[in-house]
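Dear colleague,

I am passing on the structure below, together with some notes on what I found when going through it. Please read the notes with the coordinates open beside them.

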Amino acid sequence: MFVRILKQSFHRQRRRKSLAALAVIAGMAVASAMLTLRVNLGDDLSAELRHIGANIVISPAADSLPITLDGVDLRPAGSGALLDERDLPAVKTIFWRNNIIALAPILDTQVVLNGRRVEVEGAYLEALRRLNPAWSVAGAWPAGDSDGVLAGRHLGAPIGSRISLAGRPAVVTGIVATGGAEDGEIIAPLSLVQTIAGVPGKYREALVSAVTKPEDAFARRSHASMTMAEMDRWMCSPYAVTIAQQLQEALPGSVATVVRPVADSEGVILSQLRLLLWFITLLALAASGLAISGAMTASVLERRGEIALMKAVGAQDSAIGALFFSEAALLGLGGGAVGYLLGEWLATAIAYHVLGHSIAWKPALAPLMLVLAALVALAGSLHPLRQAIRVEPAVALRGEA
Amino acid sequence: MPAAIALHNVGKVYGPERSQVAALQGVDLEVAAGTWLALMGPSGSGKTTLVNLIGCLDQPSRGTVAIDGTDVTSFSRRQLTRFRAEKIGFIFQQFHLVGYLTALENVMLAQHFHSLADESEARASLEHVGLGDRCDHLPAQLSGGEQQRVCIARALINDPKIILADEPTGNLDEANERIVMGLLADAHRAGRTIVMVTHDPAVACLATRRIQLRHGRIEDSNVGKPLAIGVVPQQR
């Protein structure tokens, strides 16, 4: 009979229940979408932020002592010791190798071009390109081992022109515009610059772009105060400092330094974005709870006579509570299930249109969303349930219900 | 044999202490089992309050209320609800049927909250009140008289000892009034105690005992013979 009452309540009050369900679905869909984005886009957002440049710099340990101002390394780029290019494959052996998006060894030198000294920066051009997706290049990036170069836009070298770099012929394949020092430089393959500079197989520093976890208090803790378990946890967390340390251990004679302003900005942006997603999730859940509360309150007010009658014929408070809570739970679970499906679709659309990513559906979120929906239904129906339980059956006899 | 209903020095006041309204004052009433009692009196005389106390829907401010030999004065809310489901059947002037349940389901509702719903029993109860062919109709698809008969079937389904009927014919035409009073007479003949609130002296004449309430006190109580069903006065 209980099921029959429930069923009839939904069947005969289709319109009211549908409106309430729609409100729940909307709220749960937004909550589900935000949670899916939060879960899926943790790494993707971090990777997206990697477009703002390198966050780790590897330089020779024998180089001059770090000179930093406000977290920025101010050491001159062209001076000091060099690192060995042959050691670079060791980077592929570190634990966090898959978090490294790009690693570009750099060697710079100077040449005289059209009577003036020009900086020539040699690098793995593909890695450099990945490190700086925001650079504007007219023409084409040169191939790795070719004699092609990029000329800064201020140099006035047209695309296709042939230039001489310390006696080595080169072809300008593209004009680079960054708004920075590169606008007055030549960017060439690393091997070409190594030949010009007379230091084959060497590089001065390496720029690394790695997907990292925002630094928290644990990341900043002194290793001396950590237990073995904490040390393991620290090593197994992709903090920028952890990856830097592993890089440093993999490359003999190197020092890996976190570029603080970049890493910190990423951390702040990621933390704020995640916090924002949480807030939207909570607000959406609260909206669902309010929708259920509103629907149930209206239902209780409308059905005061029915509640009074049920009590008059022997319904205990618990039976009334069970009836109305079941209605709320069904609304919540039904709305939660549909809201989850809609939310997954919404998350996919947001990820694709806003971030240009496709994301995988997360079936594991479904039970979580259903539990959340049930909790929201419970919270939203507490006040209406209290109202239902307070209904005095005597009003039914008086005909005032 | 204990009285079906026994009220001793019952008083009921409503409202805050400084502005209390006495709905009932020093009411003593004993109703023997099998009595058909008509409660009469002007509006505000305390009829509803008295019915609420007898129906275990409310508790007195002072005095004692015993139903079927059980003193319910100090019963908890939960105990009162259980006792009500066991002993009392309600018939309301405004029927109070659940709009989204069929006639059959409305009767089964009382069974459900009493013990277990039994569809065949509920169907038989509706057949008893002449609605065997209207079981699957919603209240809105029934006439006022039919709705009141569903209400009677619901009141009788758990075999209560006491039937409380609040203006059972107040919203009915004469033909339906006759049918409803006939059903109440059947219940009375079956040995049930009936307490019926009515403003209609002709309807009250069917009761075996009539009580007149005024200003929360029993003003007049007399015992009479019920008129035979079928001779309910046509002109009032």
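**Notes on the model**

Strands β4 (residues 62-67) and β5 of chain B are paired in the antiparallel sense over 2 bridges. Please keep in mind throughout that this is a predicted model. Across this pairing, B:Ala66 stands opposite B:Asp71, and B:Ile67 stands opposite B:Thr70. The two strands form a hairpin with 2 residues between them, in which B:Asp68 takes a positive phi near 50 degrees.

On the side of strand β1 (residues 5-14) of chain B, β4(B) is joined by 5 bridges, and this pair too runs antiparallel. B:Ala66, already mentioned as standing opposite B:Asp71, is also the bridge partner of B:Ala6.

An α-helix has 3.6 residues a turn, so residues three or four places apart point the same way. After α4(B) comes B:Gly130, whose phi is positive, near 80 degrees.

Helix α5 (residues 144-156) of chain B packs in turn with helix α6 (residues 174-189) of chain B, at an angle of about 10 degrees and with the axes 9 Å apart. That angle makes α5(B) roughly parallel to α6(B). On the α5(B) side the contact involves B:Gly144, B:Gly145, B:Gln148, B:Arg149, B:Ile152 and B:Leu156, which meet B:Asn176, B:Ile179, B:Val180, B:Leu183 and B:Ala187 in α6(B). By class, the residues of this contact divide into 6 nonpolar, 4 polar and 1 charged.

For chain B as a whole, the secondary structure comes to 7 helices and 10 strands, and buried residues make up 50% of its 236 residues. Among contacts in chain B between residues at least 6 apart in sequence, 68% join residues at least 24 apart.

Which elements of chain A give two or more residues to the side that touches chain B? In the contact between the chains, 23 residues of chain A meet 27 residues of chain B. The elements in question are α1 (2-12), α8 (304-312) and α11 (394-398) of chain A, and α8(A) gives the most, with 6 residues. The side of chain A that touches chain B has 11 nonpolar, 7 polar and 5 charged residues.

Finally, within chain A, strand β1 (residues 56-60) is joined to β14(A) by 5 bridges, and the two run antiparallel. In this pairing, A:Ile58 stands opposite A:Ala256 in β14(A). Of the 5 residues of strand β14 (residues 254-258) of chain A, 4 are buried, so this strand is largely enclosed by the rest of the structure.

With best wishes

Note on methods:
Residues are numbered from 1 along each chain as its sequence is written. Chains are lettered from A and ligands numbered from 1 in the order in which they are written. This is a predicted model: local features need pLDDT of at least 70, side-chain atom pairs count only at pLDDT 80 or more; totals for chains, interfaces and linings use all residues. A residue is buried if 20 or more other C-beta atoms lie within 10 Å of its own, exposed if 12 or fewer, and partly exposed in between; C-beta atoms are placed from the backbone. Two residues are in contact if their C-beta atoms, placed from the backbone, lie within 7 Å. Ala, Val, Leu, Ile, Met, Phe, Trp, Tyr, Cys and Pro count as nonpolar, Asp, Glu, Lys and Arg as charged, and the others, Gly among them, as polar. Two strands pair if DSSP finds at least two bridges between them. Axes are lines fitted to C-alpha atoms, for helices over the stretch in contact, and angles run from 0 to 180 degrees between N-to-C directions. Angles under 35 degrees count as roughly parallel, over 145 as roughly antiparallel, 65 to 115 as roughly perpendicular and the rest as oblique.
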